[in-house]
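I opened a new notebook page for this structure. Below is what I looked up, entry by entry.

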Amino acid sequence: MKKLYIETYGCQMNFADSEVVASVLVSHSYIPVAYADEADLILINTCSISDNAEKRVLARTRELQSLKKRNGNLKIGIIGCMAERMQQELFEKLEGVDLLAGPDSYRNLPQLLAQLDAEERVSDVLLSTSETYEDIDPLRFQSNYISAFVSIMRGCNNFCSYCVVPYTRGRERSRPVESILKETLDLQEKGYKEVTFLGQNVNSYDYSDSEGKQWRFPDLLGHIAKQIPSMRVRYATSHPKDISEELIEVMAAQDNICNSLHLPLQSGSTVVLDKMNRKYTREDYLKKVEMIKSKIPDIAISTDVIAGFCGETEEDHKLTLSAMKEVDYYYAFMFKYSERPGTLAAKKFDDDVPDEVKGRRLQEIIELQQNMSLEHNKRDLGKTFEVLIEGYSKKSELQLFGRTPQNKVVVFDKGNAKPSETVKVIIEDCTAATLMGRLV
Ligand code: 5AD
Ligand code: SF4
């Protein structure tokens, strides 16, 4: 048996992919280990979303390379988005790297590793139009055995002008509904209580089964949620241009589909959205949010925002702040624009907002979100929520933490409750990041 250590960066999809990678290698005589210095094979599953994300991985890989001095047999592989985007350039930058595998090459890892016996460096970065790993049962090696990700589609066809994903993850393809259902039922049997369906763009889910029935995302979500009423269901990520009344009605009708939604805004200015190739206006987005809130009044919405995209004026930035206030997000992932080589924006527009202006705008966005998160949480004081307990609080063994359907973290004294149970908790206090409550 050889020891495998995987370190994962980036989005939830990457974490799900690492479980596929572990599964592939475990069936070829590897076992996962928790520490890099024990490993015979280190795989770093990487993210290319920004220059900073890539720099972090380069620095970490240089650090890990030094382990080769102690273990002459150690092999190091870079997998995922950076392997796909940078390809041979990575070998030039990182002396100690032996293997590159792109997001669609994970089935081929055993063969690549075997090739390493004869070759100094091996690489497979071919993208596929059909790979969904549908028959691979992910090995949940870092799981809490309560909540799991299930990948439902891969790739992206949207080509937002700032984004590298269509280049690193290739074209959209949907995993067969039967295999998604099978994996989810299997999780239920193993005692999992929550599943999050993942795709770069879940609204593009489109699958025709053997009887010719076409499945779109609302069909899939509704069907599976009905089959597993005792499990919570979440999903990410939705594109605002595609989110439909039909989908929101499925969410509203099915109790176990959680009332939280991640709906990336990116910018509140229609001019910037157009340059970003987002295919919706500020007004379209706000109208959709209104529709969603009218059908699911207790929904909590989160978002992604980019500060300082090409040509963004002070006026555009203010429009982003005002749209954020209007939607009233409970949480946001906030980024400084980072030009990615090869994207439409890199080809067409000047990255002309000075770094200090980007930084200041990002800071204003972060401060606004901090305040909004706190206000959002304050409105939960006195309310009672169903909380799925995920584990013990970091601060005290006497406290548990879990999540509300809205995806907010709640900490409370444990009483007789245990992880994996769903309990009622009344909210008594909060910070911007956490609700504090008491078992009812
Ligand atoms: N620069 C900054 N942020 C980016 N994102 C994607 N590409 C870039 C980029 N080039 C952000 C978007 C996306 C999230 C996953 O990452 O907000 O929704
Ligand atoms: Fe990063 Fe995007 Fe790749 Fe996820 S899909 S790892 S966010 S570049």
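I began with Asp328, which lies in the loop between helix H12 (314–327) and strand S16 (331–336). Helices (H or I, at least four residues) and strands (E, at least two) are DSSP runs, numbered from the N terminus. Asp328 is not a glycine, yet its phi is positive, about 70 degrees. Tyr145 is not a glycine either, and has a positive phi of about 60 degrees. I found Tyr145 in the loop between strand S6 (122–124) and strand S7 (147–151). I then noted a cis peptide bond from Ala236 to Thr237, with omega near 5 degrees. Thr237 sits in the loop between S13 and H9. Most residues other than glycine have a negative phi, and most peptide bonds are trans.

**Ground rules**

This is a predicted model: local features need pLDDT of at least 70, side-chain atom pairs count only at pLDDT 80 or more, and totals for chains, interfaces and linings use all residues. Residues are numbered from 1 along each chain as its sequence is written, chains are lettered from A and ligands numbered from 1 in the order in which they are written, and side-chain values use heavy atoms, with hydrogens and water left out.

**Domains**

I looked up how the chain is divided: domain 1 (2–124), domain 2 (143–257), domain 3 (259–379) and domain 4 (384–439). These bounds come from an automatic or database domain assignment. The C-alpha centres of domain 3 and domain 4 lie 29 Å apart. In contact (heavy atoms within 4.5 Å) are 11 residues of domain 3 and 10 residues of domain 4.

**Ligand 2**

Why does ligand 2 lie between domain 1 and domain 2? Both domains give residues to the shell around ligand 2, so it lies between them. A residue is near the ligand if one of its heavy atoms lies within 4 Å of it. I listed some of the residues around ligand 2, including Cys11, Cys47, Cys81, Arg169 and Gln200.

**The barrel**

Last, I traced a closed barrel of five strands, S17-S18-S19-S21-S20, with mixed pairing. Strands pair if DSSP finds at least two bridges between them. Strand S17 (residues 384–392) and strand S20 (residues 422–430) run antiparallel, joined by five bridges. Glu386 stands opposite Lys424 in S20.
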